[in-house]
Amino acid sequence: MSIVSVYFFLFVLGVLVAYYVMPKCCRWCVILIANIVFCLLSSIWKLLCIAILSIVVTYGVSNIVDVLKKKEKNRKLIAFCVACGVIINLIILVAFKEINFFINNTNKVISIFSDNQIQLVIDMVAPLGISYYTLTMISYLMDSYWGLFEVQKNPFKLIAYILYFPTLTSGPIMRYSDMKSHIYDGNKLEYKNICYGAQRIVWGIFKKLVIADRLAPFVNAMQSEQCEGLYVFVGVICYALQLYMDFSACMDIIIGVSELFGIKLPENFNTPLYATNLSEYWRRWHITLGLWVRDYVMNPVLKSKSIQKLGKKTKKKLGKKWGKRIPVWIGMFCTWFCVGFWHGGTWTFIFGSGLFFFVMIVGSQILEPVWKWLIKLLHINTKSIVWLTWQRIRTFILFSASISFSWAASMSDAFALWKRGFSVFNPEVLFNGDLFQYGLDGQDMLIVLAGLLIVLAVSIIQQKESVRDVISKYNIVVRWAIFIVLICFIIVFGTYGKGYNAGDFIYGAF
Amino acid sequence: MERFKTHIKNILKIIGFALAIVLCIYFIMKILCYKDETYSKEVFEDFYKLDKDTVDVIWIGASPIQTSVNPAEIFHESGISTYGLATSSQPICLAPYLIEEAKKTQSPKVFLVDIRMLAYTSDLAFEPVVSEKYTRHVTDCLKPSINRIRAINHMIGELELLEPGSEINRLDYYFRLGVYHTRWKEGISLFFDEGDQNSFMGSYAYTGVIPIDKEESLQRIDKGYGELTGYNQKYLEELLDYCDKSGKSIVFTLTPCCVDQEFFDRYATIKKILNERGYEVIDFNYMVDDMGLDYSEDFSEFMHLNYKGSKKFSDYVAKYLRDRFELRDHRLDKGYELYGTEYKQYEDYLLGKDARN
């Protein structure tokens, strides 16, 4: 069931009424039933069983670990149990999503030595939300192992948390300690939650239907082999914009729906276009994934004994400054590899959504003295708005360049794309109207531009204060006018109806 | 008490906002409403403007009726009130629903149903007749009602029969903005839509001229029988089952045409079935001499009469129907002013045409 479909909103309305009609202590049961119904409506029951199986494993492992800890058993045994739980969950995730990556790459290695190959292609439909709830379960296991909260004894409550229906399609990745009181305690019906939740949903639908889906046919057309020179770069930039609008719109709708129930989900975006470097970009983009890999990949790697030993050795050999960086770079490599691999079991994602950033960040750290020298030589005021704007544009261009790899079907296609981009110098395409032949006419481009300007204006306001709080200070006529205009904008200029398929969010594919 | 007052206030705010949105959507739908190049919207808009129980003959069919039958001209000639509930390539399966729709506001002495589309499964551009496009020419123009819902459900069933496994979004038939909201690209002209000057109570005029060999064309009539294609046999039988139960006077017609032999053979088959089921068929192809139709200049192409042919046909039909069904002359009666207004517009159109010619 798509989260921009009428059926989804009717479903949410039904759940909302049931939620607030029930007594507070039973409201988590409404969430549980809604989760199961949503899974059944969105996929086949067998896949729901896979999800339940994973949760049973997680529940079992967490409770066994809790018992072992209370009996003060051997720490190694406890760690082993947790590791088993994590590995089982990862095996299920990999089996459904990434198995062909291993088969294909094993065949490539085998082909160096012999003609035999593994003749197996596994084509499995993954359970809805497996990428997201698997990370949620791993975080639950690890946090419970670290003693951050009391383990959940009620398996149904655990299902209510892990399969929380708004987050199944595209996240955000939740943390148990932040969410448990919201989901289990039952929230009071607050007019502000209903208003703010509805406003957030409308905002998400605006970004999705007016901007993201409008750009989609143009972006797809730019991938064609006939498009060379500036067409490629325009396509790459538009894909980045489409991805941002699509994913952030999805988050707005999900967080808005959750807000209707008084359940506050963590934010996944914080105006990433304001980032001045790639490290900052990833602290503003897909925030929950970034925090997850930091807490469950990066930090454990850095705290491991072998990395700590290595750190001591490198400090002795390379000095304090560079010696400290080597272990961090190893941690970062593992982190970015996991980020890329999580996005998709292909080298385009591993590189484009992961290792590219590793290369850029490490590169910028290595070249840091050079940049500092240049800035000093040119007397650049690094606090000026011009410099900050340049940094933001540069960061966005680098981000766009990275995801151009995941835009392509394979690494060779990605390199071919860049080759086409540099094969011809044709700046005239920006002015002669040729760009209007690729799925977006002049009127559509104007709407995209208008939409992006509105998003930019909201982002500027968001830097100081929540836009919804700003609007709430105006009188009712102004408030209503703003949202009525926004809704009418969506109705008139949105891409929906016959011939459109607004249901497929890009990040839903992960 | 304060909490209760706050709750009521909040509920009223939500209801008020929802009403404001509904009102805005209503106005947007009025502006971005259905429009097509064959004046389907005008057919129904003008029909709903007619005074109650003022129409003597309702003629159901497709573009041949739209282009041949001019209600304003007929009224001017004989004072009988007719109306063509006909749209381009209208599927015959919609005929029962149009009869039901007409019965809500009119009590015609006779319903005429043209059989032209029963010989076709696709139009001149090879697009299927039973399709969403031609269905919507009717369903998007009908007023919301149970009859409209039934028509939509029936046509979706037929479409699913033709294309099993195809995903038809029913909601698009009710929330028409999904189809028409892209009309915003027409810009400011949306706000100045005054209807089309070439449409007269849904009837519109073709201006093309193709000379046709009259003798050769007339020789093809009733020469033999041909099998009906696609599901047309099923549509005909379902239509006749409806007619049997309707209790209304329903007569079938075949308007003048110059189609190929295989189509005339199909018409012969259809006429035979209709006669066997006890229904009358008026084949106007046998009356072309009485009409004074000139095959060298009165046809737009083999399917349709042009504006000259339409005038002659309408003039002939005016007297034919009046005498055949003993219909009253309403030219001095109240409630028929729309016919007069439309006729003036039609006269100006004809004058303009003749001056240019």
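Two strands count as paired if DSSP finds at least two bridges between them. With that in mind, welcome to this predicted model.

**Strands of chain B**

Let us begin with strand E3 of chain B, which spans residues 110–114. Are its residues buried or exposed? Five of the five are buried, so E3(B) is mostly covered, where buried means under 20% relative accessible area. The cover extends to both faces of E3(B): B:Val110, B:Leu112 and B:Asp114 lie on one side, while B:Phe111 and B:Val113 lie on the other.

Five of the five residues in E6(B) are buried. On one side of E6(B) you will find B:Ile250, B:Phe252 and B:Leu254, and on the other B:Val251 and B:Thr253, with both faces covered.

How do these strands connect? The table lists the pairings, each with a bridge partner or facing residues to look for.

| Strands | Sense | Bridges | Residues to look for |
|---|---|---|---|
| E1(B), residues 57–61, and E3(B) | parallel | four | B:Ile58 and B:Phe111 |
| E6(B) and E7(B), residues 281–283 | parallel | three | B:Phe252 and B:Val281 |

Two residues are handy for finding your way through these pairings. B:Phe111 is the bridge partner of B:Ile58, and B:Phe111 also stands opposite B:Ile250 in E6(B).

**A positive patch on chain A**

Now turn to the surface of chain A. Here a patch of positive charge gathers lysines, among them A:Lys76, A:Lys305, A:Lys309, A:Lys312 and A:Lys324. Which helix gives the most to the positive patch? That is helix H13 of chain A, residues 305–343, with nine residues in the patch.

Because exposed means over 50% relative accessible area, A:Lys309 counts as exposed at 59% relative accessibility. For a sense of distance, compare A:Lys309 with A:Leu189: the two are 120 residues apart in sequence and 54 Å apart in space, C-alpha to C-alpha.

Notes. Residues are numbered from 1 along each chain as its sequence is written. Chains are lettered from A and ligands numbered from 1 in the order in which they are written. This is a predicted model: local features need pLDDT of at least 70, side-chain atom pairs count only at pLDDT 80 or more; totals for chains, interfaces and linings use all residues. Side-chain values use heavy atoms; hydrogens and water are left out. Patches are made of residues with over 30% relative accessible area and no salt bridge: like charges are joined within 9 Å, nonpolar side chains (Val, Leu, Ile, Met, Phe, Trp, Tyr) within 5 Å. Accessible areas come from the Shrake-Rupley method with a 1.4 Å probe; for residues, only the protein chains shown count as cover. A salt bridge is a side-chain nitrogen of Lys or Arg within 4 Å of a carboxyl oxygen of Asp or Glu. Lys and Arg count as positive and Asp and Glu as negative; His and the chain ends are not counted. The place of a charge is taken as NZ of Lys, CZ of Arg, CG of Asp or CD of Glu. Helices (H or I, at least four residues) and strands (E, at least two) are DSSP runs, numbered from the N terminus. Buried means under 20% relative accessible area, exposed over 50%, partly exposed in between (1.4 Å probe, protein chains only).
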